[in-house]
Amino acid sequence: SEDVLSKDAGECAICLEELQQGDTIARLPCLCIYHKGQVFLRMDIKFQKVAFMDCIDEWFEVNRSCPEHPSD
């Protein structure tokens, strides 16, 4: 299910960025949480590029299980 994080919750196991209060998250049935929607990863000033990732949405394009509980 999709939700908004009410407090900081450590690191997203997919993108390794912090899960911060106000982030849109997906909560899986195993209760693990990951970023939902685009997450800013970095900006390369030299090449003027910004990197984003869709975390759980991109993960589910190739995997149908929780990254931390693949046997569930």
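What share of the 72 residues in the protein chain is buried? Buried residues make up 28% of the chain, where buried means under 20% relative accessible area with a 1.4 Å probe, protein chains only. This is a predicted model, in which local features need pLDDT of at least 70, side-chain atom pairs count only at pLDDT 80 or more, and totals for chains, interfaces and linings use all residues. Residues are numbered from 1 along each chain as its sequence is written, and side-chain values use heavy atoms, leaving out hydrogens and water.

**View 1. The overall layout follows the pattern β-β-β-β-α.** That gives four strands and one helix; these are DSSP runs, with helices (H or I) of at least four residues and strands (E) of at least two, numbered from the N terminus.

**View 2. Here's the largest nonpolar core, with 14 residues.** Such a core is a set of buried Ala, Val, Leu, Ile, Met, Phe, Trp, Tyr and Cys residues joined through side-chain atoms within 4.5 Å. Cys12, Ile14, Leu19, Tyr34 and Ile56 touch the most other members.

**View 3. His35 sits in strand β3.** His35 counts as buried because its relative accessibility is 2%. Setting aside neighbours within four places in sequence, its contacts (heavy atoms within 4.5 Å) include Cys12, Asp23, Thr24 and Ile56. A polar atom of the His35 side chain also lies 3.4 Å from the backbone oxygen of Glu18.

**View 4. Cys12 has His35 among its contacts.** Not counting residues up to four places away in sequence, Cys12 also touches Glu17, Leu19, Tyr34 and Cys55.

Technical notes: Buried < 20%, exposed > 50% of the residue type's maximum accessible area, 1.4 Å probe, protein only. Polar contact = N/O pair within 3.5 Å; in protein donor to acceptor, adjacent residues only side chain to side chain.
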